[in-house]
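Visitor: Before we start, I would like each label to be set against its definition. Could you take me through it that way?

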Amino acid sequence: MPSHLIRRVLIFCALSTFGVACSSNDITFGSDLNVSILSNAPVSASDSLRLDYDITGRSLAGMVIAWGDSQIDSVGFLGAQTAGGSEYHVYDSAGTYMIQATVVDQIQGSDVTELTVTITP
C-alpha cells in the first residue's frame, strides 16, 4: 500500500464457542498535500494574469493568494481531496511580483508555494 495514503484498520471480532475470531479491513483516502501553480505571464499591466492551480490533499480547507502587490484573495475547498481551477488578477503597473499561494489542509496543515511573474508595460 502506498505510504502517502492514510490507513484506518477496522477490526471486527465475533465471539463463538471456539473463541474469538477477528478480521480487519484497510480503508484509504486522500493523498499527501501537493500544490502546483502556474500562470500565463508575462502579461501587460492592466491585462488579466491567470493563475492556474492543481491541489491534492486529504481535507482541503482553502487557499489564500497573496499577489505580491498588497492584494489578497481566498478560495474555499470545503474538505475536498482535490481542487483545480484558475484565479485572475490585474496589476496596476509593470514589474516583477512574487505570488504566494498558501493552502490549508485540515489534516495535514499548510503548504506555501511561490511563483515569480513579470508584468510588462
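Visitor: Why is Asp32 called partly exposed?

Guide: This is a predicted model, in which local features need pLDDT of at least 70 and side-chain atom pairs count only at pLDDT 80 or more, while totals for chains, interfaces and linings use all residues. Residues are numbered from 1 along each chain as its sequence is written, and side-chain values use heavy atoms, with hydrogens and water left out. Buried means under 20% relative accessible area, exposed over 50%, and partly exposed in between, with a 1.4 Å probe and protein chains only. Asp32 has 40% relative accessibility, so Asp32 counts as partly exposed.

Visitor: What makes the link between the side chains of Asp32 and Arg58 a polar contact?

Guide: The term asks for a pair of N or O atoms within 3.5 Å; within protein, one must be able to donate a hydrogen and the other to accept it, and residues adjacent in sequence count only if both atoms are side-chain atoms. The side chains of Asp32 and Arg58 are joined at 3.4 Å. Asp32 itself is found in the loop between β2 (19-29) and β3, and its C-alpha lies 6.9 Å from that of Thr56, 24 residues away in sequence.

Visitor: How many helices and strands does the chain have?

Guide: Helices (H or I, at least four residues) and strands (E, at least two) are DSSP runs, numbered from the N terminus. On that basis the chain has 0 helices and 8 strands.

Visitor: What makes β5 and β6 a pair?

Guide: Two strands pair if DSSP finds at least two bridges between them, and β5 (residues 48-66) is joined to β6 (residues 72-90) by 15 bridges in the antiparallel sense, so they pair. Ile65 stands opposite Asp73 in β6, and in the hairpin of these strands, with 5 residues between them, Gly68 takes a positive phi near 90°. β5 is also joined by 6 bridges to β7 (residues 95-105), again antiparallel, where Ile65 stands opposite Ala101. A further 6 bridges join β5 to β3 (residues 34-39), antiparallel as well, with Val35 and Ile55 as bridge partners.

Visitor: Which residues have the most contacts inside the largest nonpolar core?

Guide: A nonpolar core is a set of buried Ala, Val, Leu, Ile, Met, Phe, Trp, Tyr and Cys residues joined through side-chain atoms within 4.5 Å. The largest one has 23 residues, and those with the most contacts inside it are Leu49, Tyr53, Ile55, Met63, Phe77, Tyr91 and Ile99. β5 gives the largest share, 7 residues. Contact means heavy atoms within 4.5 Å; beyond its neighbours within four places in sequence, Met63 is in contact with residues including Tyr53, Ile55, Phe77 and Ala101.

Visitor: Is Ser46 buried or exposed?

Guide: At a relative accessible area of 57%, Ser46 is exposed. Ser46 lies in the loop between β4 and β5, and has a positive phi of about 75° without being a glycine.

Visitor: What kind of peptide bond joins Ala41 and Pro42?

Guide: That bond is cis, with omega about 5°, and Pro42 is found in the loop between β3 and β4 (43-44).
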